[in-house]
Amino acid sequence: MSFPTQQQQKEATEANVGALTDDSEAQPASGDAPKRKTLVGGLIREARPKQWIKNVLVLTAPLASGTITHRHTLGAVAIAFLAFCLAASAVYYANDALDVEADRAHPTKRNRPIAAGIIPIKLAWVCVVVLAAAALCVALADNSATLAVIAVYLVMHLSYSAWFKHVLVLDLALVAAGFLLRAMIGGVAAGIPLSQWFLLTTGFASLFMVSGKRYSELLLMGEDAAVTRRSLAGYTQSYLRFVWQTMVGLTILTYSLWAFDLGQGDRGIRWHEISIVPWAFIFLRYAMFVDAGQAGEPEEVVLGDKVIMAIGLAWLVLFSLGVFINGH
């Protein structure tokens with residue numbers, strides 16, 4: 001039996017070390033794929049596709065006018081919907097890039113990809129530019145009026161994220177205006193005249209949702225609310241309660257006046273006027289969540305509550321019957 005010489009032992013040791021070195025250098029390369037996967041997932045989450053449900057508001061004007069089944073209208077509205085999804089995602093990126101430190105102090109917002117460090121700040125701003133440019137290009141495919149609405153939305157909400165979110169009352173108005181623009185763009189894209197009652201109802205409903213969201217945030221965070229959103233330091237629970245309660249009343253009132261206006265000249269069952277009942281109960285039900293401080297994420301409240309969904313479906317059926325049977 002022969003034993004390896006000292007030189008052979010040395011060569012074997014160097015070979016083993018070389019193999020270990022090669023493995024250690026190859027390890028990061030094998031870990032690149034999960035990192036890329038995490039980044040891609042973070043980019044998608046930061047765009048907040050769940051929030052795109054708000055953009056179904058583009059369907060409201062075509063539905064109210066009874067032209068939602070027209071091919072031209074559907075095509076125009078689909079383009080407007082896509083443009084708003086891109087524009088909204090650009091705003092989400094910008095808002096989170098600017099608020100990264102405040103979000104890290106929030107119990108849930110700290111999990112957002114930018115706040116969690118998944119998406120670098122520089123990459124986030126690149127995404128803002130790309131998404132905003134894409135939104136404008138898509139809107140231009142509709143018409144110049146649609147392009148103008150998207151441009152106004154981007155300017156208004158990017159300036160809100162940078163400066164005006166800390167100006168009391170103006171912050172509520174700007175966010176609510178975003179919802180109003182969503183409702184308007186469906187009519188603008190399809191060339192549908194917008195009723196004054198439609199605009200008032202949408203505007204007041206938007207202010208209700210926004211003030212209810214702020215009220216819930218104030219209840220949830222308590223004394224720490226100003227850390228995550230500076231404007232909340234200037235609001236009181238009683239003031240925000242006054243705002244959202246007032247908006248509930250105005251939303252139901254203006255919708256009722258709109259429904260009576262639409263129902264003029266109807267023969268037979270007055271579907272529009274009957275639709276006032278479920279419309280009112282939708283907001284009364286939602287107000288329960290606001291009052292309990294659980295309306296910080298409006299889309300989660302609406303999609304997560306089966307009662308609201310059922311009442312909303314009843315309203316949609318009644319309103320649609322008024323549109324398509326009575327011809328308004």
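Here are a few questions and answers on backbone, surface and helix packing in this predicted model.

Q: Is Arg48 buried or exposed?
A: Start with where to look: Arg48 sits in the loop between α2 (32–46) and α3 (60–65). Its phi is near 55°, a positive value in a residue other than glycine. The cut-off for buried is under 20% relative accessible area. Arg48 has 13%, so the residue is buried.

Q: Which loop holds Val169?
A: Most residues other than glycine have a negative phi. Val169 is not a glycine, yet its phi is positive, about 75°. Its relative accessibility is 43%, so Val169 counts as partly exposed. As for its place, look in the loop between α7 (144–162) and α8 (170–190).

Q: How much accessible area do Ile53, Val56, Leu59, Leu303 and Met309 have together?
A: Take Leu59, which lies in the loop between α2 and α3. To join a patch, a residue needs over 30% relative accessible area. Leu59 has 34%, so it is partly exposed. With Ile53, Val56, Leu303 and Met309, Leu59 forms a nonpolar patch on the surface, and together they have about 390 Å².

Q: Are α4 and α7 roughly parallel or roughly antiparallel?
A: The axes of α4 (residues 71–98) and α7 come within 9 Å and cross at roughly 15°. Angles under 35 degrees count as roughly parallel. So α4 and α7 are roughly parallel.

Q: What is the handedness of the crossing of α4 and α7, left-handed or right-handed?
A: This is the pair whose axes come within 9 Å. The crossing of α4 and α7 is right-handed.

Methods. Residues are numbered from 1 along each chain as its sequence is written. This is a predicted model: local features need pLDDT of at least 70, side-chain atom pairs count only at pLDDT 80 or more; totals for chains, interfaces and linings use all residues. Side-chain values use heavy atoms; hydrogens and water are left out. Helices (H or I, at least four residues) and strands (E, at least two) are DSSP runs, numbered from the N terminus. Buried means under 20% relative accessible area, exposed over 50%, partly exposed in between (1.4 Å probe, protein chains only). Patches are made of residues with over 30% relative accessible area and no salt bridge: like charges are joined within 9 Å, nonpolar side chains (Val, Leu, Ile, Met, Phe, Trp, Tyr) within 5 Å. Accessible areas come from the Shrake-Rupley method with a 1.4 Å probe; for residues, only the protein chains shown count as cover. A salt bridge is a side-chain nitrogen of Lys or Arg within 4 Å of a carboxyl oxygen of Asp or Glu. Axes are lines fitted to C-alpha atoms, for helices over the stretch in contact, and angles run from 0 to 180 degrees between N-to-C directions. Angles under 35 degrees count as roughly parallel, over 145 as roughly antiparallel, 65 to 115 as roughly perpendicular and the rest as oblique. A crossing is left-handed if the near helix is turned anticlockwise from the far one by less than a right angle, and right-handed if clockwise.
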